[in-house]
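Here is a short briefing to read alongside the model. Please keep the viewer open as you go through the points.

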Amino acid sequence: MKVAVKVRLKPTIEQEKKMWQSVGTSRWVYNWALHRQEKNYQNGGKFITDGDLRKELTLLKKTEEYKWLSYVSNNVAKQAVKDLCGAYQNFFQKKADRPRFKSRKRSKPSFYHDTDKLKVGLLTVALEKIGQVKTVEQLPMGCKYMNPRITHDGKYWYLSVCVKKELEKPILIGESVGVDLGIKSLAVMSNGMMTKNINKSKSVKKVKRKLRRLQRQVSRKYQMNKEGSRFVKTCNIIKLEKQIRTLHRRLNGIRKNHIHQSINDLVKTNPSRIVVEDLNVSGMMKNKHLSKAVQEQKFYDYQRILEYKCEWLGIEFVKADRFYPSSKRCSCCGNIKKDLKLSDRIYKCSNCGLEIDRDFNASVNLSKYELVA
C-alpha cells in the first residue's frame with residue numbers, strides 16, 4: 001500500500017533562501033499557466049495541453065527578462081504547470097472548483113522535487129540546487145519515492161514523500177458502525193463511543209483568547225501607522241503577525257491530533273464496516289450562527305483520514321447519501337419525523353414512543369444504512 005511519510009527539515013539560512021525562491025517560482029509559474037489558459041479561452045481557443053505549456057515555458061526561460069526561472073530546479077516549474085492542468089481536469093470532471101490564482105499571503109508555500117534526484121542518506125537528504133539538508137527523522141532508504149513535496153507550515157520546513165509499505169491487516173469482527181458528525185460532539189458512534197468537541201476544551205480556549213488579543217494589537221498598530229490610504233508594516237507588526245501564524249499553526253495541530261486519536265480509537269475496535277454521513281459543509285457554512293463552529297470541527301479532514309485508515313486495515317468505508325434521513329428516522333420502528341427541529345436534542349418517536357439522544361439515533365440509523373436505504 002502507498003503510505004505518506006513526512007519528516008521535518010533543518011535547512012541552513014542559505015538553503016532556506018533557496019527554498020523560498022523555489023516556492024516563489026512554483027507559485028508564479030502556476031499563475032502564469034492559469035493566465036494563459038484563461039486568456040486562450042476568452043479568445044475562443046481550446047484547452048492548452050500540459051506539453052504545449054511546458055514548451056512555451058522553456059522558450060520563456062531563454063529570454064533575458066525571465067532568466068531567473070532557471071535559478072531553481074527545472075522540475076519545480078514543470079510540475080507547477082502539470083498541477084494547474086490537473087486542477088483544470090478535476091474542474092471539468094466536476095471533482096473540484098475552478099482553479100484560482102495563488103496569493104503570496106494565503107497560498108500554502110510548497111514546491112515539487114524530482115524523484116530521481118532525491119538522494120536520501122543518514123538523517124540527510126540531497127535536494128537539487130539546494131544541497132544536503134539535515135532531517136529530524138530518518139527517511140526510509142532503499143525504496144522508490146513518489147511525489148516528493150517540500151512545504152512550510154509557518155514555522156518549519158517539511159519533506160513529504162509517498163512510499164510502498166506492507167501493512168498487517170487485523171481480524172475484523174462483523175460489526176457495522178455508524179458515525180454521526182456534529183457540533184456539540186465531534187462524532188457519536190453507534191457502538192457507544194463518543195468524541196468530544198476539542199474546541200470547547202480549556203487548552204483551545206486559552207490559545208484562542210491569546211490569538212484575539214494579538215489580533216487586536218496588530219490591528220491598532222496598523223491604524224497608528226496608516227499613511228493616507230496606505231498601511232505601513234513596521235517591525236513590531238511583523239513580529240506580531242509571526243506570533244499570530246504560530247498560534248494558528250498550534251490550533252490546527254491540536255485539532256488534527258484530536259481527530260487522529262479519535263479515529264484510531266474507532267478503527268482499533270476492528271469493525272467490518274464504517275458508515276459516515278455525507279455532509280453538505282458548504283451549505284452549513286451559510287448559517288452565520290454556526291459557520292465558525294462548523295469550520296473549526298474540520299469535517300472534511302475527519303472523513304478523509306477515516307477513509308484512508310479504513311483502507312489500510314481492510315475496513316469497508318461507506319459514505320451515506322446526503323439526503324438519507326438519519327436524524328429524522330426512528331432507529332427502532334423506522335418512522336420518519338418530518339417536523340424535527342435542530343433544537344430538538346432528544347428524539348421522541350410518535351409511533352413507538354422511543355426516546356433517545358438525537359445524535360446516537362442518527363448513528364444507529366447510519367449503521368443500518370444499506371438495510372433500509
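Is tyrosine 324 buried or exposed? With a relative accessible area of 11%, tyrosine 324 is buried (under 20% is buried, over 50% exposed and anything in between partly exposed, using a 1.4 Å probe and protein chains only). This is a predicted model, in which local features need pLDDT of at least 70 and side-chain atom pairs count only at pLDDT 80 or more, while totals for chains, interfaces and linings use all residues. Residues are numbered from 1 along each chain as its sequence is written, and side-chain values use heavy atoms, with hydrogens and water left out.

**Confidence**

- The average pLDDT of the protein is 91, and 99% of the residues score at least 70 (pLDDT is the predictor's confidence in each residue, from 0 to 100).
- Where pLDDT is low, the predicted coordinates should not be read in detail.

- Strand E8 (residues 176-181) and strand E13 (residues 273-277) run parallel and are joined by 4 bridges; valine 177 has isoleucine 274 in E13 as its bridge partner.

- An open sheet with antiparallel pairing is formed by 7 strands in the order E2-E6-E7-E1-E5-E4-E3.
- E2 and strand E3 (119-121) stand at its edges with a single partner strand each, so one side of each is left without a neighbour in the sheet.
- From one strand to the next, the twist averages 35°.
- E3 and strand E4 (residues 124-127) run antiparallel, joined by 3 bridges, and valine 120 has valine 125 in E4 as its bridge partner.

**Aromatic pairs and charges over rings**

- The whole structure holds 11 aromatic pairs; rings of Phe, Tyr and Trp (its six-membered ring) pair if their centres lie within 6.5 Å, and planes under 30 degrees apart count as stacked, over 60 as edge-to-face and the rest as tilted.
- Tryptophan 20 and tryptophan 157 have ring centres 5.0 Å apart and planes at 70°, so this pair is edge-to-face.
- Tryptophan 20 belongs to helix H1 (residues 13-42) and tryptophan 157 to strand E7 (residues 157-164), so the pair ties together parts 137 residues apart in sequence.
- Tryptophan 20 is partly exposed at 39% relative accessible area, whereas tryptophan 157 is buried at 2%.
- Tyrosine 324 forms an edge-to-face pair with tyrosine 369, at 5.0 Å centre to centre and 85° between the planes.
- Tyrosine 324 lies in the loop between E14 and strand E15 (346-348) and tyrosine 369 in helix H10 (residues 369-372), 45 residues apart; tyrosine 369 is buried too, with a relative accessible area of 14%.
- Phe47, Tyr88, Phe91 and Phe92 are linked into a cluster by ring pairs.
- Arginine 8 lies over the face of tyrosine 156, 4.0 Å from the ring centre (a charge sits over a ring if NZ of Lys or CZ of Arg is within 6 Å of the ring centre and within 35 degrees of the ring normal).

**Two residues to look up**

- Serine 26, in helix H1, is buried at 10% relative accessible area.
- Threonine 115, in the loop between E2 and E3, has its C-alpha atom 6.3 Å from that of methionine 146, 31 residues apart along the chain.

Key:
Two strands pair if DSSP finds at least two bridges between them. Helices (H or I, at least four residues) and strands (E, at least two) are DSSP runs, numbered from the N terminus. Axes are lines fitted to C-alpha atoms, for helices over the stretch in contact, and angles run from 0 to 180 degrees between N-to-C directions.
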